[in-house]
Amino acid sequence: MAHGMRTDSHTGYRRRDDWRQSATRYALLPLRIFLGVTFIYAGLDKLTDSAFMRADGVGSIGATMEGVREISAIPALVDLSLKNAVGFGYAIALGELVVGIGTLLGLFARVAALGGALISLSLWLSVSWAEEPYYYGNDLAYLMAWLPLVLAGASVLSVDAMLAARRGEPWDSAKPQVRGRR
């Protein structure tokens, strides 16, 4: 049995690791900002690129999907997109925009992150599957970046946190709170 003085109880002093708690609470915020801004930019870029939103031609979604059909992991996924290439282009662009806005605002953050993960997964399995070595393709890295947000959501500086506070739930799910004490 060890003897000594416990430093974590029976004192009136606060622990000096408050900054660690803050860092932990805000750890996913830079990732949220990066992914949110990137997906908003990607969606707007596609929506405003007249060459992209065409079924054929240089730089079009149709030509891109035709070009990756034979080298994708799931050619049937590419075939599905080719049935209506322009519609698929709009679906991806609008999906990226909605996911980016939801992530940046922290509105339905886990759902938005799941949408981002699914977009990244579909792009990895179709467009960037044949990249060698695999780490040259960025869609896999985006997929992995979405997973912490799928698991943790947006507990700080988010609409989700404000709505939870209005309902009387703890504002920060990473910091357990005792009812009646703040």
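**First stop: Met 53**

Select Met 53 and show its neighbours: leaving out residues up to four places away in sequence, Met 53 is in contact (heavy atoms within 4.5 Å) with Lys 46, Leu 47, Val 86, Gly 89, Tyr 90 and Ala 93. Before going on, note that this is a predicted model, where local features need pLDDT of at least 70, side-chain atom pairs count only at pLDDT 80 or more, and totals for chains, interfaces and linings use all residues. Residues are numbered from 1 along each chain as its sequence is written, and side-chain values use heavy atoms, with hydrogens and water left out.

Met 53 sits in the loop between helix H2 (29-48) and helix H3 (61-68); helices here are DSSP runs of H or I, at least four residues, numbered from the N terminus. At 10% relative accessibility Met 53 counts as buried (under 20% relative accessible area; exposed is over 50%, partly exposed in between, with a 1.4 Å probe and protein chains only).

**Next: the salt bridges**

How many salt bridges does the structure hold? Three, each a side-chain nitrogen of Lys or Arg within 4 Å of a carboxyl oxygen of Asp or Glu.

Glu 96 lies in helix H5 (residues 85-105) and Lys 46 in helix H2, so the pair ties together parts 50 residues apart in sequence. Both Glu 96 and Lys 46 are buried.

Now move to Arg 69, which bridges to Glu 70 (3.0 Å, N to O) and to Asp 79 (2.6 Å, N to O). Shared partners join Arg 69, Glu 70 and Asp 79 into one network. Glu 70 is exposed at 65%, while Arg 69 is partly exposed at 23%.

Definitions and conventions. Helix = DSSP H or I, 4+ residues; strand = E, 2+ residues; numbered from the N terminus.
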